[in-house]
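Here is a briefing on how one chain packs. Keep the model open while reading.

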Amino acid sequence: MPPAAPSFELLPGADESPVILHVPHSAREIPPAVRARILLDGPALERELDHITDAHTARIAAEAARSAAVAPWRFVNRLSRLVIDPERFPDEREEMLAVGMGAVYTRTTHREALRAPDTDPRPLVERYFRPYARAMTEAVADRLAVTGRAVIVDVHSYPAEPLPYELHGEGPRPAVCLGTDPFHTPPALLSAAREVFAGCGETGLDSPFAGTYVPLEFYGKDARVSALMVEIRRDTYMSEPGGPAGPGLTRLAEALSALVDAVPR
């Protein structure tokens with residue numbers, strides 16, 4: 001039986017663009033069969049979705065893509081990260097397993113029970129995680145084949161105040177946190193990001209969230225794949241938690257569009 005909603009969507013950009021805006025955590029949709037195994041009641045689940053969802057990031061990416069001189073590609077997760085988190089390792093390499101937040105979450109943002117402790121993550125990993133990973137790998141491979149490189153820009157958000165699940169929440173929480181990787185984040189890409197987001201408030205590096213997302217087939221192996229994570233503090237563009245977007249969203253979308261345009265063709 002197919003999933004209740006499309007698990008992900010690749011939205012084409014210009015053929016000559018190497019840029020993929022990756023939006024993994026913007027959705028709230030949970031298929032009924034998955035919902036049935038989540039322990040939270042309706043109101044509690046809505047509160048958890050408010051906390052865990054990177055609200056409005058798909059809209060930020062869409063507005064940035066529309067206004068870019070050369071339209072980037074967009075890879076958007078259409079299901080909540082409470083189904084699977086496509087950016088986690090699906091095995092013991094994942095440090096977030098320490099708080100019950102591997103590829104399949106068993107605990108909430110407040111470290112309460114989300115699923116039964118004996119939950120077997122494998123069915124969800126096979127049904128949702130692996131197809132997502134394959135499709136993202138193929139999208140990157142396609143950009144490499146057509147343009148000779150790929151530039152993944154991860155679009156995320158995070159709360160103004162740390163939540164209990166955060167492993168590194170004690171550090172700075174700038175308006176825009178830029179997550180980097182020593183192999184995949186070239187200095188020119190980071191410098192461009194610092195410049196375009198300067199008008200959105202303070203920018204910082206790798207705090208409270210660090211690293212980038214690169215499909216494992218290319219990770220640490222192919223320098224033609226560049227990557228940068230853009231983590232936007234939610235109070236700069238929306239009412240927390242889970243509220244409507246405000247005027248800051250347009251400013252952030254314009255900055256993201258400027259970053260897309262700063263990537264050399």
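Helix axes here are lines fitted to C-alpha atoms over the stretch in contact, and angles run from 0 to 180 degrees between N-to-C directions. On that basis, α5 and α6 pack at about 150°, with axes 9 Å apart. Angles over 145 degrees count as roughly antiparallel, so α5 is roughly antiparallel to α6. The model is a predicted one.

**Helix α5 against helix α6**

- α5 covers residues 187-197, and α6 covers residues 248-262.
- The crossing of these two helices, α5 and α6, is right-handed.
- From α5, the contact uses L189, A192, A193, V196 and F197.
- From α6, it uses L252, A255, L256, A258, L259 and A262.
- How do the residues of this α5 and α6 contact divide by class? Eleven are nonpolar, none is polar and none is charged.
- In soluble globular proteins, nonpolar side chains tend to be buried together.

- A192 sits in helix α5.
- Its relative accessible area is 15%, so A192 counts as buried.
- Leaving aside neighbours within four places in sequence, A192 is in contact with L259 and A262.
- A192 and D235 are 43 residues apart in sequence, and their C-alpha atoms are 23 Å apart in space.

**Helix α3 against helix α6**

- α3 spans residues 57-67.
- The axes of α3 and α6 come within 8 Å and cross at roughly 50°.
- The two helices, α3 and α6, are therefore oblique to each other.
- This crossing of α3 and α6 is right-handed.
- α3 brings R59, I60, A61, E63, A64 and S67 to the contact.
- α6 brings L249, T250, L252, A253, L256 and S257.
- By class, the contact of α3 with α6 has seven nonpolar, three polar and two charged residues.
- Which residues of α3 are buried? They are T57, I60, A61, A62, E63, A64 and A65.
- The buried residues of α3 pack against β2, β3, β4, β7 and α6.

**The largest nonpolar core**

- This core holds 34 residues.
- V153, L178, F197, L228, V230, L256 and L259 touch the most other members.
- At least two residues each come from β2, α3, β4, β5, α5, β7 and α6.
- Which element supplies the largest share of this core? The answer is α6, with seven residues.
- Another core, of 29 residues, lies apart from it, with L45, V104, V125 and L163 among them.

- L228 touches I152, V153, D154, L178, G179, T180, T185, L189, L190, A193, T212 and L259, not counting residues up to four places away in sequence.
- L21 lies in strand β2, which covers residues 19-23.
- L21 is buried, with a relative accessible area of 0%.
- Not counting residues up to four places away in sequence, L21 touches A61, P72, W73, R74, F75, V153, L256 and V260.
- L21 and R74 are 53 residues apart in sequence, yet 4.7 Å apart in space, C-alpha to C-alpha.

**Backbone points to check**

- Most residues other than glycine have a negative phi, and most peptide bonds are trans.
- The S207 to P208 peptide bond is cis, with omega near 10°.
- P208 is in the loop between β6 and β7.
- D206 is also found in the loop between β6 and β7.
- D206 has a positive phi of about 55°, although it is not a glycine.
- With a relative accessible area of 28%, D206 is partly exposed.
- A cis peptide bond also joins E240 and P241, with omega about -15°.
- P241 is in the loop between β7 and α6.
- R111 has a positive phi near 65°, and R111 is not glycine.
- R111 is found in the loop between β3 and α4.
- Is R111 buried or partly exposed? At 39% relative accessibility, R111 counts as partly exposed.

Definitions and conventions:
Residues numbered from 1 in each chain as written. Predicted model: local features only at pLDDT ≥ 70, side-chain atom pairs only at ≥ 80, totals over all residues. Heavy atoms only, no water. Helix = DSSP H or I, 4+ residues; strand = E, 2+ residues; numbered from the N terminus. Parallel < 35°, antiparallel > 145°, perpendicular 65-115°, else oblique. Left-handed = near helix turned anticlockwise from the far one by under 90°. Contact = heavy atoms within 4.5 Å. Nonpolar A, V, L, I, M, F, W, Y, C, P; charged D, E, K, R; others polar. Core = buried A, V, L, I, M, F, W, Y, C linked by side-chain atoms within 4.5 Å. Buried < 20%, exposed > 50% of the residue type's maximum accessible area, 1.4 Å probe, protein only.
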